[in-house]
Amino acid sequence: MKARAFLKALPMAGGTPRCSCLISRSLWHSPTEPFAKILPGRYRYFGGTAAAAAAAASRTQTKNTEEASRHRINNVWDVEDLEKLRRVISHFSQDKGILSKCLGSGVTPEVFKIAWAQFENLVQSSPRSVLGQEVLREMNTLLQSKRRLRRADYEPAAQILFQPFMDYCATKHSKRIQYQRKLLQASNFLRPPDWYPYARLMRRKIIFHGGPTNSGKTYRALQRLRQADPARGGGLYCGPLRLLALEVYQELNRDGVYCSLLTGQDKRIVPGATHASCTIELCDVGRAWDVAVIDEIQLLASAERGSAWTRALLGLQAREVHVCGGLEAAPLVEQLCADTGDSFALASYDRFTPLEIEGRALGSYDKVEPGDAIVAFSRADIYSIKAEIEANTPHRCCVVYGALPSEARAAQAALFNDPASPFDVLVASDAVGLGLNLNIRRVIFHTVYKWNGKAGVATVEPTLVKQIGGRAGRRSSEYAQGRVTCLQEEDMEYLRWAMGVPLKPLTAAGLFPSVEQVQAFAEAMPPTAKLNTLLEKFMELSQVGGRYFLCGYDQLRAAAAYLRPLPLRPQDLFKYCLAPCSTRDAAQMRNLYTFAQGHALGQPAPLNVLLPTAPPRTLQEVQELCSKHAALDLYLWLANHFPRHYAELKVVEAQKAHAIRLLRAALEGGAAFEQGGYDHREMSARVRARALAPANRGPGAVALGQHLPSAVPSSGSLSGAGVSTQLGNGNSSRRGKAEEEELATVVFVPEPGLDPEDELLLSDGEEDDSDVELLVDCSSKVEDGK
């Protein structure tokens with residue numbers, strides 16, 4: 001009432017009543033309080049019209065609201081607001097997305113734990129000094145916008161705290177964050193195409209030749225390779241195996257196209273050569289080519305060697321890059337071309353000759369015929385099957401498997417292909433799937449189980465089944481049609497399913513660090529860090545893009561731990577760890593250590609490989625001779641990287657030739673290799689029984705019969721791949737499309753009661769003739785591995 005009387009007493013001007021506006025001077029006053037509670041002494045009077053007074057009152061109300069909000073936040077957080085803030089803080093420390101952002105910014109889990117505890121206490125005790133006025137205002141708006149915060153509301157609230165927390169970490173833990181950021185930069189795999197700037201400056205044409213085996217895709221690419229213009233750099237062939245590289249090298253030179261050969265152990269430089277043939281790991285991305293061919297491109301998704309194909313595809317400086325392989329790799333290659341800005345063209349091919357799945361299993365090796373190839377996945381099984389066939393039939397058998405030297409494999413393949421040779425049956429491992437042109441009429445799978453390292457026993461993947469089965473009836477052979485079957489009837493259903501199931505498109509390409517990347521990472525690490533520790537840290541911090549993955553490094557890490565005591569430079573030790581040496585072979589690892597020890601002492605590497613004078617008579621002697629040959633290969637490989645320390649090249653070449661002569665004499669002389677009573681039937685029965693027993697399967701494993709659809713694919717479902725089936729019993733039923741497309745690999749754990757040596761017997765000691773390089777560096781070439 002006093003205020004109203006005070007207003008009425010105001011003077012008039014020009015006939016217009018003058019109004020007043022009362023503006024609060026206090027910071028605690030709320031404009032929503034009743035006007036009657038206002039004391040005249042706390043206000044100032046302003047003259048003006050009624051509209052001006054209303055506008056001034058509105059501005060006063062807004063100002064008082066902001067002042068009151070800041071006053072409450074900075075000084076007197078009420079109980080409800082403090083509880084909301086605690087919830088936001090709790091969510092921040094548990095949000096995986098925020099933790100990932102912190103790690104990507106250089107805040108390790110150890111630093112985060114310490115810094116967050118300090119930051120949390122400061123925020124709750126003095127929010128204004130830690131967060132700042134703007135952050136407090138934004139936080140207050142969020143806290144007051146909803147009466148009750150739900151879990152979905154915590155994330156935006158927690159994001160508000162991210163930058164203040166990073167600023168705090170940069171102030172209090174700057175050295176550790178800078179150190180971590182150096183490591184993250186050295187292990188960054190987010191943009192692999194940027195590693196090859198010269199290739200990015202080119203407008204390359206990527207031509208994908210896709211199709212099943214025996215479709216002529218590689219032949220078409222090689223025809224274009226022959227036409228490569230020497231003035232523009234000539235041509236380059238990149239193959240998965242030394243045997244393939246050697247075959248292309250010989251073909252081109254025979255046709256008058258001068259070509260050099262480059263593999264990990266063998267370099268044949270032809271004067272005036274315009275072309276080169278190499279294993280994929282040795283492809284030169286540092287020079288320009290007119291035409292390049294990358295064979296078996298689907299292997300870019302391999303967990304062991306995929307990085308070599310990725311490097312070649314992204315880095316080759318060629319106007320035309322022809323890639324050959326299965327159509328399952330086409331979508332991934334097209335996506336990578338979109339990332340690099342290269343054009344992509346697809347040429348698909350059908351199989352030249354039909355491939356038929358027989359209606360019944362073979363049943364017994366007494367029924368083998370000339371041109372048959374039996375595929376087993378154990379070295380012991382291969383020699384046991386060979387002995388049985390040669391004892392019970394008039395046929396002679398050649399053998400091919402990964403641990404056999406490539407020269408011996410090529411000699412065995414030549415014997416099998418020669419019509420005048422008495423060797424008319426082949427017993428081989430899955431190494432037969434690549435690198436050899438063989439005159440095969442029928443492929444017989446001894447089993448559909450394959451030793452899978454730590455995982456135990458697994459069914460053979462459909463990709464491998466198709467690759468091996470497709471070797472039958474090739475266009476270059478004397479057989480117009482290929483056939484595929486199994487030894488046991490129980491495996492026929494899986495064979496039909498695996499041959500007919502569509503392969504899923506590949507989704508990611510392999511990557512692996514180069515010597516330069518590892519060296520940059522090592523420089524950021526403490527100087528006392530060992531290589532195995534460095535590799536583990538590198539893999540832990542590596543950041544990989546969505547279309548890529550990091551290849552496995554178990555063998556590399558094992559070799560690094562074995563060579564740890566030697567005082568070698570990190571880059572030299574890294575090359576030794578990539579050498580073609582199986583960590584499962586104790587003799588090879590001893591040789592590797594001896595060679596590296598001589599290097600570390602600054603002395604010539606000692607060549608302590610003693611070869612026998614007579615051919616081996618037992619399987620154990622064969623394995624020892626192959627291991628010694630691998631040591632000689634290792635010496636040659638190391639000589640290409642450290643020529644100053646490995647000078648006895650002529651002696652090594654002579655010893656290699658002698659080892660091959662002994663192996664050929666043993667394999668071609670009809671010797672029955674003793675295996676201490678080993679029987680492939682007994683071992684196969686044990687493996688099958690243990691694999692299918694529910695008590696002995698690994699977590700999540702299922703029996704083969706449970707995993708497969710109840711029916712076999714029809715002839716129509718296989719016609720696209722040139723495959724037909726003969727159904728022996730006619731029992732078939734329709735199955736859903738989803739079941740047909742399911743790609744199954746059943747993994748089992750061997751029974752605990754298996755003898756310790758049985759694990760090795762289940763494996764063929766596979767060491768193919770590839771130059772398995774995990775490097776992205778053409779100067780550091782690599783592993784003769786699996």
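Mentor: Let us begin with Tyr 494 and Trp 497, both of which are buried, a word that stands for under 20% relative accessible area, with exposed meaning over 50% and partly exposed the range in between, using a 1.4 Å probe and protein chains only. Before going further, please keep in mind that this is a predicted model, in which local features need pLDDT of at least 70 and side-chain atom pairs count only at pLDDT 80 or more, while totals for chains, interfaces and linings use all residues. Residues are numbered from 1 along each chain as its sequence is written, and side-chain values use heavy atoms, with hydrogens and water left out.

Tyr 494 and Trp 497 lie 3 residues apart in helix 18 (residues 492-500), which means that about one helical turn separates them; helices (H or I, at least four residues) and strands (E, at least two) are DSSP runs numbered from the N terminus. The structure holds 14 aromatic pairs, and the one formed by Tyr 494 and Trp 497 is tilted, with 5.5 Å from centre to centre and 45° between the planes. Rings of Phe, Tyr and Trp (its six-membered ring) pair if their centres lie within 6.5 Å, and planes under 30 degrees apart count as stacked, over 60 as edge-to-face and the rest as tilted.

A second pair is made by Phe 595 and Tyr 646, whose ring centres are 6.0 Å apart and whose planes meet at 85°, so this pair is edge-to-face. It links distant parts of the chain, as Phe 595 sits in helix 23 (residues 586-600) and Tyr 646 in the loop between helix 24 and helix 25 (649-668), 51 residues apart. Phe 595 is buried, with a relative accessible area of 1%, and Tyr 646 is buried too, at 2%. Elsewhere, ring pairs join Phe 189, Trp 195, Tyr 196, Phe 521 and Phe 538 into a cluster.

For a buried residue of another kind, look at Lys 386 in helix 15 (residues 379-392), which has a relative accessible area of 3% and is therefore buried. Its side chain is joined to that of Glu 390 by a polar contact of 3.0 Å, that is, a pair of N or O atoms within 3.5 Å, where within protein one must be able to donate a hydrogen and the other to accept it, and residues adjacent in sequence count only if both atoms are side-chain atoms. Leaving aside neighbours within four places in sequence, Lys 386 is in contact (heavy atoms within 4.5 Å) with Cys 397, Val 399, Val 427, Leu 667 and Phe 673.
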